[in-house]
Amino acid sequence: MIAWDVSSLDDGSEQPTSLSTGRGGFILVKAVDMHPGRPLVAAGYSDGRVVVARIGHPDELVVKPPGGGAVQALRWSADGQHLAVGTCGGEAAIVTFPPQIFK
C-alpha cells in the first residue's frame with residue numbers, strides 16, 4: 001500500500017511524499033479504511049486477507065487470513081476499537097481490538 005504525506009505540500013513541494021505501508025505483494029487491494037485516531041490503515045485484499053499496518057512502516061498485523069472471497073467492505077468504528085469486515089463470499093465479522101494492542 002502507498003500512502004501520501006500531503007503535509008509535505010506545506011513546505012513548497014509540488015508533490016506529496018509517498019509512504020510505503022505494509023508488505024508488498026501481487027494481490028490486489030480491494031478495500032481500505034483509515035483508523036479514526038491513529039496513523040493506521042486497514043486493508044482488505046482480493047484473496048480475502050485483511051491486515052492492519054502503521055502508515056509508513058512495513059510491519060502489518062494479519063487480522064484475517066486469505067479465504068472466503070474478496071474483501072468488499074472495511075470500516076473502523078468511531079472509537080477505533082472495532083473493525084467491520086465483509087467479503088463477496090458472504091462472510092461478515094466485527095473484529096474487536098484490545099486497547100493495549102496499538103500502544
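**Salt bridges in a predicted model**

Visitor: What makes the contact between Glu-60 and Arg-49 a salt bridge?

Guide: The side chains of Glu-60 and Arg-49 meet with N and O 3.4 Å apart, and a salt bridge is a side-chain nitrogen of Lys or Arg within 4 Å of a carboxyl oxygen of Asp or Glu, so the pair is called one. Glu-60 lies in strand β6 (residues 60-64) and Arg-49 in the loop between β4 (40-45) and β5 (50-54), so the bridge ties together parts that are 11 residues apart in sequence; strands here are DSSP runs (E, at least two residues), numbered from the N terminus. This is a predicted model, in which local features need pLDDT of at least 70 and side-chain atom pairs count only at pLDDT 80 or more, while totals for chains, interfaces and linings use all residues. Residues are numbered from 1 along each chain as its sequence is written, and side-chain values use heavy atoms, with hydrogens and water left out.

Visitor: Which parts of the chain does the bridge between Asp-33 and Arg-75 link?

Guide: Asp-33 and Arg-75 form a salt bridge, their closest N and O atoms being 3.8 Å apart. Asp-33 belongs to strand β3 (residues 29-34) and Arg-75 to strand β7 (residues 71-76), 42 residues apart.

Visitor: Why is Asp-33 called buried?

Guide: Buried means under 20% relative accessible area, exposed over 50%, and partly exposed in between (1.4 Å probe, protein chains only); Asp-33 has 14%, and therefore counts as buried. Arg-75, at 57%, is exposed.

How values were computed:
Helix = DSSP H or I, 4+ residues; strand = E, 2+ residues; numbered from the N terminus.
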